[in-house]
Amino acid sequence: MSNIPKDNPGGKSGGRAILWMIPRSISTAFAKCMSGIPGCEVWIEPFGISQLGFTQVEKLGVIDIPMSYAGHEKEFKIAAEALETYVPGATFYPDRLPFATIKKKLEESTSKYVFVKDESVAMPTDQTRQFIPKGYQHAFIIRHPLLVYKSMRKASFAQFQKAGKLKFNETDENSFDYRPYAKDEGVDIVFQKHHELWTYIRDHVYPSPLVFDSSALLTNPAPVIQEFCEAVGFPYSESLLQWSESPEVAESWKWPGDDICKNNVFLGVSINSTHFTPPAAVPAWEEVTDDVRELAEKAMPHYEDMFQHRPTE
């Protein structure tokens, strides 16, 4: 298997792990899988959603992103309101968004096991990376850029249509150009930021963070899940290969708000999944739309470098 040391910093509390992800990488289904571990507390994108809120706030002229709540209640209220326009029907709580609060709560958790799935784009600088919680193992999931951006384009069209954020001439998916939206939301650089955080974790936090590809997970999930569990100090069993189709398990997850999973089109398929299914084939470059091709070409060097660091048998 891999050369990852089997010691883990979870101590008496058991294993604690953060799975750093990029959009559309099967990470929500993986969170459902991890929910099958008895005593496992699951957190969903606490840093990533906070960062998304302030991405929206920056458009309103707020330049400096506060890291703590005290003295910045107004900014976090604006961020929560901005998130509610991005995910219609959801309710976000300002006091759950500060990075300092998230770090403190993750470090103070008394659950036997803690699994966090979060976006690597949330940790782009030393200002944010200082809030990476101590006592956690780190892993990175990757997926071929063509699959990511093809899926992201489809889901984004549905999300922006629902939120009323499409341009007047974007009447259907065929007329939708994802590039300006991807740039506006920072999605055009998610592979770059994923690679940068992976490099930072290797150099400053943990020398051998696990890297695995979502296609390998979908093709043959058992060894990948077992590898992950061994790396982060979680117990593995074959029962993790199947779970209930009910989305109710997501109600027990730690979210920065309410009704996020019910109103977010990005989570639809994964939140109702029951197991990992065979992966989609990587499309030919000439088969995808121009916007998907351009975004994927930019991402490929970062993906390919991380791909080379997957575990070897």
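In this predicted model, strands β5 and β6 pair in the parallel sense, over four bridges. One of the paired positions is Phe-140, whose bridge partner in β6 is Val-211. The side chains of β6 point in two directions. Leu-210 and Phe-212 point one way from the strand. Val-211 and Asp-213 point the other way. All four of these residues are buried. In a regular strand the side chains alternate between the two faces of the sheet.

The β5-β6 pair belongs to an open sheet of five strands. The strand order is β2-β4-β1-β5-β6, and the pairing is parallel. The edges are taken by β2 (40-44) and β6 (210-213). Each edge strand has a single partner strand, so one side of each is left without a neighbour in the sheet. From one strand to the next, the twist averages 20°.

Helix α2 (residues 46-58) meets helix α4 (residues 99-108) at an angle of about 175°. Their axes lie 10 Å apart. Angles over 145 degrees count as roughly antiparallel, and α2 and α4 are therefore roughly antiparallel to each other. On the α2 side, the contact involves Pro-46, Phe-47, Ser-50 and Gln-51. These residues meet Phe-99, Ile-102, Lys-103 and Leu-106 in α4. By class, the contact has five nonpolar residues, two polar residues and one charged residue.

Asp-203 has a relative accessible area of 55%. The cut-off for an exposed residue is over 50%, so Asp-203 is exposed. Asp-203 and Pro-98 are 105 residues apart along the chain. Their C-alpha atoms are separated by 26 Å.

Note on methods. Residues are numbered from 1 along each chain as its sequence is written. This is a predicted model: local features need pLDDT of at least 70, side-chain atom pairs count only at pLDDT 80 or more; totals for chains, interfaces and linings use all residues. Side-chain values use heavy atoms; hydrogens and water are left out. Two strands pair if DSSP finds at least two bridges between them. Axes are lines fitted to C-alpha atoms, for helices over the stretch in contact, and angles run from 0 to 180 degrees between N-to-C directions. Angles under 35 degrees count as roughly parallel, over 145 as roughly antiparallel, 65 to 115 as roughly perpendicular and the rest as oblique. Contact means heavy atoms within 4.5 Å. Ala, Val, Leu, Ile, Met, Phe, Trp, Tyr, Cys and Pro count as nonpolar, Asp, Glu, Lys and Arg as charged, and the others, Gly among them, as polar. Buried means under 20% relative accessible area, exposed over 50%, partly exposed in between (1.4 Å probe, protein chains only).
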